[in-house]
Amino acid sequence: MMKYKRYVSEFEQFLNKYKEDHPNVEAEQRRGWKIWWDHRLDLDAMDRQRQDTVETKPYYYG
């Protein structure tokens with residue numbers, strides 16, 4: 001049985017080489033994701049903020 005080599009694009013080669021040279025990059029990406037996206041939302045605070053806002057006029061330069 002003949003095995004075929006999987007095609008690897010130039011971009012994928014670049015990424016693989018970059019990951020080899022910078023082994024901590026994926027951990028840093030995960031850390032950044034947790035900082036900006038994986039946090040609990042305070043729904044009560046969001047609701048209070050929505051109720052406390054003042055509606056902006058469509059044209060406020062007047």
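Here are a few numbered notes on this predicted model.

1. Ground rules: residues count from 1 along each chain as its sequence is written, and side-chain values use heavy atoms, without hydrogens or water. Local features need pLDDT of at least 70 and side-chain atom pairs 80 or more, while totals for chains, interfaces and linings use all residues.

2. Confidence looks like this: the protein chain averages a pLDDT (the predictor's confidence in each residue, from 0 to 100) of 88, and 94% of the residues score at least 70. Helix 1 has the highest mean, 96, and helix 3 (residues 43-52) the lowest, 89. Helices here are DSSP runs of H or I, at least four residues, numbered from the N terminus.

3. Have a look at F11 in helix 1 (residues 10-21). F11 is exposed at 56% relative accessibility; the cut-offs are buried under 20%, exposed over 50% and partly exposed in between, with a 1.4 Å probe and protein chains only. Ring pairs tie F11, F14 and Y18 into a cluster, where pairing means ring centres within 6.5 Å.

4. Now the salt bridges (a side-chain nitrogen of Lys or Arg within 4 Å of a carboxyl oxygen of Asp or Glu): the whole structure has six. K17 meets D21 at 3.3 Å; these two are four residues apart in helix 1, so about one helical turn separates them. R6 pairs with E12 at 3.0 Å; R6 is exposed at 60%, whereas E12 is partly exposed at 26%.

5. K19 and E26 also form a salt bridge, 3.4 Å from N to O. Shared partners join K19, E26 and R30 into one network.

How values were computed. Phe/Tyr/Trp six-rings, centres within 6.5 Å; stacked < 30°, edge-to-face > 60°.
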